[in-house]
Structure formats: C-alpha cells, structure tokens
Amino acid sequence: MAANKKTVLSASKPTTPIATKQPQFRFLHGDARDDDYRWLHDKDNVETITYLQAENSYAEAMTADLKPFETSLFEEMKARIKEDDSSVPYKLDGYYYYSRFEASREYPLLCRKPIDANGGWADSPEQVLLDINVLAKGKTFMEVGEFEVSPDGHMLAFSTDATGFRQYKLQIKDLRSGKLLPFKRDRVTSAAWALDSRTLFYSTEDKQTKRSNQLWRHTLGESVDKLVHEEKDERFGLDVYLTRSNGYLIEQIGSLTSSEIRYLKADEPNGRWRVLARRRAQIEYNVDHRADAFYLRINDTGRNFRLVTAPITNPGRENWLEVLPAREDVMLEGIDLFQHFMVQYERVNGLNQLVITDLRTQATHGMAFSEPVYSLGVEANAEWDTEVYRYSYESMTTPSTVYDYHMATRTQTLLKRRPVLGDFDPVNYMTERIWATARDGVPVPISLVYRKGKVCNGSSPLWLDAYGAYGIPNDVYFSSSRLSLLDRGVTFAVAHIRGGGDLGKTWHDAGRMQHKINSFTDFIACAEHLITKGYTSSDRLVIEGGSAGGLLMGAVSNMRPDLFKIVVSQVPFVDVLSTMLDASLPLTVGEYEEWGNPNKKTEYHWMRAYSPYDNLSAQSYPTMLVKTSLNDSQVMFWEPAKYVAKLRTLKTDQNPLLLMTNMGAGHGGASGRFDRLKEIAFDYAFVLRELGLN
C-alpha cells in the first residue's frame, strides 16, 4: 500500500485534513463505483491512524472555544446524578443480588447479601462479587458481559471485554475463596450452568467473522472441554441459557429470519441434546418451559407470532396446542413463565402492553398505562415460584421506575424511581405523540417531549432521533442529561419509522431488503410534518442516528440536505456495499437477510441506490458531527472515515464537518458512566453552539 502524506495542523489556524486519494474502481453487475479511500480499511497502516488522529486534532481545534461550555454542561448533567446509587435487589437461591455505585467511580460493584432467617437482608454481610472499577484499572474500556452464578451459589462465570470490540473473555470465580480458577476462554458469547454446578456450557464466536458458532461443555477441574455443537450455516448464530424453571438448558440457534432450538435436561449435563423444531425459511421461534410442556412463540401462521404449547414427551408439530393465535394488530414480543403465572409482552399500536394469566384458573388481565407514550422494561425476575412480577416503566418525562406487580391481587408496589437531583419537576415538561403521513399514505408515529410553554410557530429548535432497522423498536426513554436540551428550549422527538419493530413485525418487513427506502422517506415525512405543524423549521432542525440509524442519517442527508440544519451521526453504517461485499467481516453474511446480498444483481442495486458513501455528490450539506470508535466490531471505523474523507472533496458549502474517533472504545462509545457523560456533553455543546444557544 502506498504511503500517504501526513496532515499537519497549525496551532493557530485549523487545517482541514485531506486524505490522500488512491483511485480504485469497483466493478460489479455492470456498475462502476469509485472507492478512492479504500486504503483506510487497513487499521495496521500507520497512515490510517495518522489520518484519524489528524481528524481528531482538527475537531479539537475547531471546538476549542467550546471547552468552557462543554465543561459546564458536563457538570450540569453530572449534578443530576446520585453518584452513590444502587439497584433494587432481587432474590435468587438464598441471596439478594444488586449493583451499586460509589461516589466518583466510573463503574458499579456487583454484590450480594444472604437472606436472613426473617427474610431480610439489610443487616447481612455484603459480598462483592465483582468490582468493575478494579477490572478496569489501567484500561480505557471495560464491560462485563456474562454474569452467571452456579445453582449452588458457589461459582460465578463472568466475561469481560477490555477493548470495546465486543470480544469477551470468560472466567470462573470461586465465591467461597474469592479466587479465580485457572479456566479462561476467549471469544465467549453466552454461558449457562447445569444443575450440578460443575458443568458449564458456553458458546464461542469465530475469530474472523465473530459469528457465534460453537457450543462447548466444561467440567470444573478438567482442562479439556468438549465441543457439543458447531453451526455450519454462516447465516446462523447460537447461544445457550437455562430456563427459569431450571428444567432445561436451551441452545437457541437463529438467523435474522429463521430459528432452531435444541434442548437438554438441566440435571443431565452429559445427556443428548434434542431438536425441538427444525429450522424453516422465514419461521422464527423461541421457547420457555413449564411443567410438562414447552411454550413456543412462533410466527408460522402470522408475522406477529402466536403462542403454542408442545408436550415434552412428544413435542412434534402435530401435538402443538394453540394458546394465543397470531393477530394482525398485536405483536407478541415475548413471554415470561412462572410456576403459576404467565406474563405476555405485547405491542399494540406501537405501545408496550403487559398481559397476565393465572395458569391455574386461566384468568387473564391486562395492565393499563396513562401517558401517551412510554416504555416498559423487564427487570430481574429470577424466582420461579412467585406471585410477584418486577418491571420498569419510564417515559420522556418520568424517570425509570421499578415496580413489583402482585399478579394474584392485581396491585403493585413502587420500589424505586431513579433519582434526578436538582430542581427537576416532571410537571414542567410535556410529552405527546403525533402522526406523520408517509409518501405512500402510511401513518408514522412521532414521540415528542419539550418544556411547557413552547409555542408552535416554527421558531423552536428540535432534535429528531431515529433508528429503523432489524425490527428493533426505538422506544422512548427518560434522560436526565437531555434536560440540558429541554431547558434551553430544544424539543426532542423520536420518529418511529419502518424498518424498526415499533408497530410489529410487518413494520420491520416494510423497511428492510427491497423496501429499505421506506425508512428514509418515512423519516423525511416526519421531519416535514414537524416543520408544517410549527414544531420547528429546517434551519432549526437537528437529526441524530447511530449504527443503522447512522445509515439513515447518511441517506437522508444525500436525499434532502436542505431539510436539516445539523446531522449528528454516531458510528454510522455508511459504506454499505463495501461491507456487505466482504464476507470475512463480522456480521456480513448473517445480515444478507436484513439488507440483501450484493453478490446478487437485483439486491446489489437495492443497496447501490441508497448507500451513503456511494451517493455523495457535489452539493451543499448540513453541518455534520460524525463519531466512530477504533475498536468497533459492528460498524468498522473506516466506514465513517471514508465517508468524511470523500465528503470533504464534494461538499460545496462552508458548514462544519467533523470526524471524531474514540481510539480506545467500540460500538457503544465510552464504557465509564462519567466518560460517557463527557461524550454527550461535547455533542450537546457543539449542537447548541451551532443553534446559537450557548
């Protein structure tokens, strides 16, 4: 690879980094496209790192005047956080488990206390199972993945990622002695104990593609593990878990559109794994267990899934009994089984619902929620024999709140609302839900929050967020840091566009593969609707998206650059064709079922029509802040780097264009809570300055 000239920045006057062009043309299916910055794919090339550092230096110089404002925002946001906070403890096998933060420390401590004779725990001695601050010492990144305590409570299997590449090392800690066992395994994606507390099943990923493809069995005290299963189909990955009933170990095998499950009695770790229902094209399912039956959530008769039971003695399809039919207007997102109750997670008209069934009487009831837009979360519900279901609730004006719902009496207890220090009062804010009309007439929901007193005359700045991929709902959430926007007059909105799962499986179908363009046109329709209704104007509109949402940012910036003032693009998937044509990259082959396979001519042209990098042109673009991480394993750093390098040569305006690379993190950015807050403070400071609100 030819050397590239280093970019030198003047201390007094920032010099725009210009990446060297190394002309390359890619020919496929009768189409030619230039890829002049392909050399940036090489992470080991010193000139690649030099270019990223030059861009970082340029961004730092261009925003040097923001430092006092950025620091002020950080302190403002930090002041709302209770630094020595802790989670609500949950019960499991004689202990209460919880996490807690200590003041000024970046990471939590993961702890437990034994349940005393009276069922209490407050006065019991604390056992710190993991202090993540200790694990993070000397590292710029630390994340705990697996955290599995053996059924007898003596062993902890846990995994850590120290780079942000989402590549986890599995270890086992003896909780009686506090010592680590010699056992260490790399690239672990899931883990589950058998009931003997001596056998640990775990899955590992391929070194190159990061596809989770092998299931292993480890026995304590033995140095050699047994390979239980290797998944050969490159579209499919696998993981392993133990059912809440402790009855079965489940190997969940799946692609983005198809599933297969293998099961093993949890008290027979050396037994034979059996297939529950063989994979079929376009059919997805998952499973839970209770008594003498498996409960399957499956989309074989409708896209939004139905629920069936299968007798354990003979679980063939011919013996299935339908419990809940598939419904066009209700997405069955999942179930939780307990000894006497079942909880259904449903999505109706874009909103979460909980439905409770007493399995002894078959009496069913739903739970009502009053705000126009909100989100529900599943908390730790580790106990099998319980009448209490724990869930969390939040909206854009209500901080995350944990409840215990008593399923038999239909009453609930508020356990904790996340504290927001300072003068926050939810009555000062308004949340609402409106609908835009897409170009094909489909209604698209938008969720909004703003400080009361807002006037809809087009003068207010508005920050519009969206995702729109993989069938993942872009649910609203409360953010104490977001108050720094709202209190400065910025409206925050979420566009629930097609491609996500906000309105069920068909909402996803309508925004993937050949229909991907709907995600982009839905977003544009939402932006136009907000302007038409006076919520904002095009010169006050900020848009943000990350990962696949970053693809959205790139696509709509090419299509309608006049519609937006500022674009904040986080780890953006913008070089779609280069990535999807490289089967050696993580995720690529499995994602043929989301984007298409560009080795096929028709599907290539789907992606060619919108791939942001390949559709940049000589025109005026909005102000842009593009952020990435060097150790990102999901969207490689070179995608945004190439995108910015090419855009610099084409844009016809003087609007700021910044590329910032976190050199020590991955897809999710910084891992420490205060480090993450600093990243948000910078984004806010930059945007507010560009809006004239600093």
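The points below go through selected features of the structure.

1. Basis. This is a predicted model, in which local features need pLDDT of at least 70 and side-chain atom pairs count only at pLDDT 80 or more, while totals for chains, interfaces and linings use all residues. Residues are numbered from 1 along each chain as its sequence is written, and side-chain values use heavy atoms, with hydrogens and water left out.

2. Nonpolar cores. A nonpolar core here is a set of buried Ala, Val, Leu, Ile, Met, Phe, Trp, Tyr and Cys residues joined through side-chain atoms within 4.5 Å. Buried means under 20% relative accessible area, exposed over 50%, and partly exposed in between, with a 1.4 Å probe and protein chains only. The largest core has 69 residues, and those with the most contacts inside it are Tyr51, Leu448, Leu464, Phe523, Leu530, Ile543 and Trp595. Apart from it lies another core of 55 residues, including Phe338, Met407, Val420 and Val687. In soluble globular proteins, nonpolar side chains tend to be buried together.

3. Isoleucine 543. Contact means heavy atoms within 4.5 Å. Residues up to four places away in sequence not counted, isoleucine 543 touches Leu464, Phe523, Met553, Val556, Phe564, Ile566, Val567 and Val568.

4. Helices (H or I, at least four residues) and strands (E, at least two) are DSSP runs numbered from the N terminus, and two strands pair if DSSP finds at least two bridges between them. Four strands make an open, antiparallel sheet in the order 3-4-5-6. Its edges are strand 3 (90–92) and strand 6 (127–131), each of which pairs on one side only. On average, neighbouring strands of this sheet are turned by 30° against each other, direction ignored; axes are lines fitted to C-alpha atoms, for helices over the stretch in contact, and angles run from 0 to 180 degrees between N-to-C directions. Three bridges join strand 3 to strand 4 (residues 95–100) in the antiparallel sense. Tyrosine 90 has tyrosine 97, in strand 4, as its bridge partner.

5. Aspartate 509. This residue is in helix 5 (residues 505–509) and is buried, at a relative accessible area of 19%. Its side chain makes a polar contact of 2.8 Å with that of arginine 303. The term covers a pair of N or O atoms within 3.5 Å; within protein, one must be able to donate a hydrogen and the other to accept it, and residues adjacent in sequence count only if both atoms are side-chain atoms. Beyond its neighbours within four places in sequence, aspartate 509 is in contact with Arg303 and His515.

6. Cysteines. With a disulfide taken as a pair of cysteine sulfur atoms within 2.5 Å, the count is zero. The sulfur of cysteine 456 has its closest cysteine sulfur in cysteine 526, 16 Å away, and is therefore too far for a bond. Cysteine 456 is partly exposed at 42% relative accessible area, whereas cysteine 526 is buried at 0% relative accessibility.

7. Leucine 630. It lies in the loop between strand 37 (623–629) and helix 11 (638–650) and is buried, with a relative accessible area of 11%. Lysine 43 is 587 residues from leucine 630 along the chain, yet their C-alpha atoms are separated by 8.4 Å. Lys43 is also among the contacts of leucine 630, as are Ile49, Leu52 and Phe637.

8. Lysine 179. This residue is in strand 10 (residues 179–185) and is exposed, at 59% relative accessibility. Leaving aside neighbours within four places in sequence, lysine 179 is in contact with Ile172, Lys173 and Asp174.
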